[in-house]
Structure formats: structure tokens, C-alpha cells
Amino acid sequence: MIIRPYEAHIAFRFLLKGRGQTLLLLAGIAVGVAVQFFLSSLIGGLQLSLIERTVGSAPHVFILPADSIPTSVLADDGAAVDSRRVLYTENREILSWKSYLDFLKGLPEVTSACPVAGGQGLIVRGGASDTVAVKGIEPGEGARIYNFDRNLRAGGPELSGDRAIVGRALVERFRLELGDRFFVRNSRGTGDFFTVTGIVDLGAEQANAVVFLSLDRARSFLGLNGVSSIEAKVRDVFAAEALAGRLRAEFSRVKIESWQARNQELLTALRSQSGSSNIIQFFVLFAISLGIASVLGIAAVQKSRQLGILKAMGVDNRGAAHIFLIQGLTLGLLGSLVGIGLGYVLGVLFIKYFGPGTFGLQLEAFNLVTPAVLAVLGSAAASLIPARRAARLSPIEVIRNG
Amino acid sequence: MAEIIAVEDLRKHFGEAVRTEVLRGISATFERGAITAVIGPSGSGKTTLLNILSLLESPSSGRLVVDGRDFSAGDINAFSAYRNAHIGFIFQFHYLLPEFTALENILIPHWIGRGRPPQAMIDRALALMKEIEILRIKDKYPNRISGGEQQRVAIARALVNEPAIVFADEPTGNLDRETGFAALEAMARAVREHGTTLVMVTHDREIALRTDRILELVDGRICKSFSVVEKGESGARELLQDRSCLVE
């Protein structure tokens with residue numbers, strides 16, 4: 001669209017002289033853009049914070065032993081049926097874990113990978129007892145996966161011998177302090193004493209019922225020859241499932257899971273939230289466009305006389321249409337700018353009064369540019385209707401009818 | 001003087017099912033630099049003729065040549081640039097743009113044709129305003145000035161691009177007699193000074209008698225066509241009294 005000087009000259013003057021109308025339209029567009037910007041930033045921020053809480057201090061990809069292997073119901077001699085037999089062999093460890101670990105560490109998207117010897121234990125102290133998750137990890141890599149640098153509330157991240165980093169839930173329940181010794185029974189009936197050298201808070205209550213040990217100590221405690229899983233963190237949390245897929249194609253003898261597969265409900269909830277927010281935003285935009293179309297449409301009718309004489313004086317159909325398109329585009333651009341500012345202020349105020357400490361706004365360029373671009377496009381599309389009307393208007397019609 | 005507009009057997013009808021013949025074969029020429037009055041009773045087709053001559057409406061048939069260029073057929077929209085550069089318009093209802101001041105209204109044709117007016121052009125517009133005595137209202141909006149002043153603004157606007165021809169449709173029809181005459185005097189003076197051709201539709205015989213030539217239409221045909229200059233004022237007046245066309 002080549003804009004000739006007079007088109008802009010007349011369009012701007014029409015906007016300027018129809019001040020009340022222009023301000024109303026601008027306010028409409030600005031509020032619409034602000035709502036869209038605010039809504040998408042809010043929902044984006046909420047989702048980011050939910051995801052961060054879910055997987056921020058947890059592994060993203062898990063390599064696990066293959067599912068249990070069914071065993072024959074026949075006895076070894078092939079004749080008698082032993083009805084007391086367990087019908088499958090539980091497959092609880094990965095023996096050749098080093099090759100998987102090396103492979104994971106060789107991938108560029110993997111930020112940390114750690115072998116884990118995990119199992120259940122029973123913590124016994126005084127008259128109380130409770131089941132806990134026992135996790136043996138490599139100090140460095142494991143600390144990165146569980147964000148010890150951020151989540152450690154007391155003590156240090158070192159793990160060796162009897163040193164144990166204990167989850168906050170256990171510390172509170174069993175009144176443990178740094179340096180305290182406690183007893184954990186294993187599934188084979190024996191047990192060991194460990195010393196609290198660190199206290200960790202992983203957020204969720206369930207995740208905090210955990211005792212971290214060094215990998216070797218946990219293996220001997222749980223009676224494992226290999227490891228029970230290999231856990232990894234990736235750079236982009238949403239690429240975890242894709243990586244899991246690739247690993248599945250690569251390795252058939254282990255089971256591979258991603259955090260997404262383990263949190264289907266959360267993801268479904270997030271998706272429906274995004275979906276409903278998109279629908280709301282679409283209708284906000286639609287309503288604005290309808291408003292612009294009707295107001296500019298009325299303006300085109302009101303200005304029939306002016307357009308008629310302008311056409312007599314040499315404005316061609318294209319020029320007449322441009323006068324209205326420029327008005328629509330200008331309204332869209334100005335309204336978007338004001339709307340973005342308004343949305344930002346709205347977001348800052350919201351955080352200040354309602355949301356400190358809960359979650360932040362996701363003030364991303366995408367959230368900012370998308371509603372603005374959509375509003376400009378919507379305004380332009382809306383002004384097509386009066387533009388067409390202006391283009392079709394015959395000067396003689398106006399002059400003949402006064 | 002050479003002719004600037006020539007029409008030959010110009011016809012115009014409206015409607016297909018119910019056909020209304022408005023112009024039934026007009027042949028005439030208009031001299032360069034002359035002021036011509038087109039007169040006739042209501043419904044005689046004078047405004048339609050003016051609209052066709054000024055390239056705002058296409059004829060149904062016939063030949064139309066303006067300043068050496070054939071406009072007998074073609075799209076009105078395609079003639080926009082030509083109208084802007086060569087034709088000025090003055091309408092009965094002024095049609096000034098209420099969003100622009102008097103001076104800005106006068107400069108609109110320049111904006112349309114050649115973009116932002118340079119200072120020389122603004123000076124020209126101001127000189128034109130001084131010439132027709134509306135300089136003091138240059139920064140006023142149309143709704144703040146009188147009807148006579150509005151019409152003078154429209155006259156200045158018609159002349160600003162120095163068109164070859166100005167078409168005026170009942171330019172004083174909306175004004176009282178005195179104001180109308182004064183506006184007309186101003187227009188005639190400006191037109192003669194710039195050597196512009198003026199074709200004017202009017203129902204006022206007194207106004208027509210002050211022009212160079214009179215073309216009377218009756219029922220879509222030319223009834224009389226004569227030079228006021230050649231016949232003299234009394235001769236012209238006598239010719240106008242003759243009602244033979246109407247009787248026929």
C-alpha cells in the first residue's frame with residue numbers, strides 16, 4: 001500500500017477533529033490490548049511457576065529398569081505347578097548403568113545426569129517410625145539435579161560414609177538436627193545408622209520425605225548391584241519428552257520416562273488453561289474489531305459529502321479507501337502502544353498487591369508483540385468495511401443529492 | 001479564441017426498465033477563456049450536462065473532447081488525476097471540509113495532486129484569498145464563517161491549482177441575492193484575471209446576462225445558444241424572453 005501525502009493528511013485530520021470518537025476507539029483498543037497482554041503474561045507466569053515447582057528441583061528424564069519380566073507358571077522341572085510362586089521376576093536394577101550415563105552425559109541438551117540407587121526404608125526414632133525414600137546419588141551431579149545450592153536449608157552438600165541429607169518433612173516429624181544420628185531399616189530387615197549433615201527442602205511434602213545418601217552407601221544399604229535409575233536434567237524442560245522418545249528408540253532394554261509422562265494431569269490442565277485464555281483473547285480482539293468497524297463505518301457515512309467532493313477534486317477510489325485504512329491502522333498502532341503500557345502497569349500493580357511471592361508475570365516480547373500485532377491487524381481489517389464503502393462512493397451521487 | 005470543450009450528439013439516459021432521457025443529443029463548443037451560462041427550467045438536464053462536461057459522469061453516447069483529449073468513454077475514477085490538475089469545481093452547497101480551516105480547504109486540491117504545498121503555493125492561496133476578500137477568515141473553520149464567505153472559499157479552492165476550466169453549479173443558489181452577486185463578481189474577476197474558462201449552471205437570468213455566452217436547455221435539447229457580447233444586453237434580454245422552445 002503506497003500512501004500518498006494527502007491520504008495521511010486527511011486521515012489524521014479526520015481522526016483529530018473527531019476527537020471524542022477517536023478517544024473512545026483508542027480506549028477500546030488500549031483496554032483490549034492491555035487485557036490480552038496482562039492475561040497472557042499472568043497465565044504465562046503462573047504456568048512457568050507451576051512447572052518450575054514441579055520440575056525445577058527434580059529430574060526431567062528417567063532411565064528405569066525394564067518392566068518386570070513374566071516368568072513361567074510351570075515349575076523348573078516342567079511338570080508341577082507351584083501356586084505360591086511369584087509370577088514375575090521383579091526387575092529393580094540396571095547393571096550396565098555406566099554406558100547409559102556416559103551416553104546421557106554426551107548429549108548437548110543434558111545439563112546433568114546422575115545414577116541413583118533408590119528404594120524404600122523405614123526410619124525409626126524413639127517410638128515413631130515412617131517410610132522414607134532412600135536415594136543414593138553422586139554428590140556433584142545429584143546436587144545439580146536436586147538444586148542443593150538453592151534448596152539446602154542447613155549443613156552441606158557433601159555425601160560419603162554415614163553422612164545423610166534429610167528432607168525437611170522428616171526433620172520436622174522426627175525432630176532431627178544437624179549432627180543427630182538416626183536409624184533406617186531396609187526391606188531385608190537389617191538397618192544402619194546415619195548422621196544428619198544436611199537438611200533439604202524440595203518444595204512438595206511428599207518429595208521431602210527423603211534421605212539422600214552417597215551412591216555406594218545406598219547401594220549396600222539397599223542390596224543393589226547396579227543402580228535403580230539414571231536421572232537427567234535437560235536445558236529446555238519441554239524438550240524432555242522428545243529426548244525420552246529418542247532414548248526409547250536407542251535403548252530397548254530399559255524403560256524411559258519424562259517428567260511430562262509423569263505429570264499428565266498438570267500438562268492437561270495447563271493446556272486447557274492456555275486454550276481458554278486464547279479463546280478469551282480472540283473474542284476480546286473480535287469485539288474490538290467490531291467496534292472499530294461500526295464506528296469507522298458510521299464515520300464513512302457521516303463523511304459521504306466530504307468524500308464526494310474530495311473525489312470530484314481528484315481523489316481516486318484507492319485514495320478514498322486509504323483514508324479509512326490509515327485511520328484504522330493509526331488507531332490500532334496508537335491503541336496498542338497505550339494498551340501495552342496499560343497492561344504493564346496493570347501487571348506491576350497486580351504483582352505488588354496480589355502476587356508477591358506467589359508467581360511473577362511472564363513479561364515476554366511475545367506476549368507484548370502478539371496482542372499489539374493482532375490489534376493492528378484487527379483494526380486494519382475492521383477499517384476495510386468503511387474503506388470499501390468510501391471507494392465505491394460515487395461523487396455524483398453526493399453532489400446530486402446534496 | 002479556440003474551443004476548449006466540444007460535444008457532439010451527447011446523450012444521457014438513466015434507468016433501463018424505465019428509461020429517462022435527460023440529454024437528447026447536445027452538440028456545442030465552449031471557447032477558451034469565456035464565461036458561459038447554462039440556463040433552463042428544472043429538469044432540463046443542465047446539471048447533468050455540467051457533470052458530464054466536468055468528467056464526473058459518463059455520457060450514454062456521443063463525443064466529448066476536453067482540451068484536445070477524448071473523454072467520450074471511460075471510467076470516472078480513471079479521470080481523477082485529470083480533474084485534479086485541469087478542472088475546478090464550485091457547487092451550490094459549497095462542500096468545504098469542516099475538519100480544515102479556510103486556507104487548508106483551499107490547499108486541498110494541491111495536496112491531492114502534488115502533495116504538501118510549498119510556501120510559494122501557500123502564498124498563492126493567500127493572494128487568491130486577498131483577491132476575493134476573504135483573507136481575514138483564513139484560519140477559521142467553515143462552520144465559523146458566513147455562507148457568502150464559504151462560497152468564496154470554494155471559489156478560491158476551485159482556482160488554486162490554476163485549472164483550465166472551472167465548473168460551477170448554481171454557485172449562488174444558496175445565497176441571498178446581494179451576497180450571491182458579490183461572490184459572483186469576485187468569481188468573474190478572478191476567472192478573467194487567470195484566463196480560466198468558466199461554465200456555470202444558473203437559473204437566474206440576471207446572472208446569465210452578465211456572462212459572455214448563454215446556452216439554454218429545454219427538455220434535454222439546446223433551445224438557444226448565443227453570445228451576449230455580440231447581441232448586446234438588450235438583444236440578449238429579448239432573446240431570453242422568447243419562449244418558442246417551451247411552446248413547441
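## Domains, chain contact and a helix pair

Chain A splits into domain 1 (5-53 + 267-401) and domain 2 (67-252), with bounds from an automatic or database domain assignment. Their C-alpha centres lie 55 Å apart. This is a predicted model, in which local features need pLDDT of at least 70, side-chain atom pairs count only at pLDDT 80 or more, and totals for chains, interfaces and linings use all residues. Residues are numbered from 1 along each chain as its sequence is written, while chains are lettered from A and ligands numbered from 1 in the order in which they are written.

**Chain A against chain B.** In chain A, 19 residues are in contact with 22 residues of chain B (contact: C-beta atoms, placed from the backbone, within 7 Å). Three elements of chain A give two or more residues each to this side: α1 (5-17), α11 (304-312) and α14 (395-401). Helices are DSSP runs (H or I, at least four residues), numbered from the N terminus. The largest share, 6 residues, comes from α1(A).

**A helix pair in chain B.** Helix α3 (residues 102-114) and helix α5 (residues 147-159) of chain B pack at about 30°, axes 7 Å apart. That makes α3(B) roughly parallel to α5(B) (angles under 35 degrees). Among the residues that meet are Ile106(B) in α3(B) and Val153(B) in α5(B).

The table sorts both contacts by residue class. Ala, Val, Leu, Ile, Met, Phe, Trp, Tyr, Cys and Pro count as nonpolar, Asp, Glu, Lys and Arg as charged, and the others, Gly among them, as polar.

| α3(B) with α5(B) | 6 residues | 1 residue | 1 residue |

Key
Two residues are in contact if their C-beta atoms, placed from the backbone, lie within 7 Å. Axes are lines fitted to C-alpha atoms, for helices over the stretch in contact, and angles run from 0 to 180 degrees between N-to-C directions. Angles under 35 degrees count as roughly parallel, over 145 as roughly antiparallel, 65 to 115 as roughly perpendicular and the rest as oblique.
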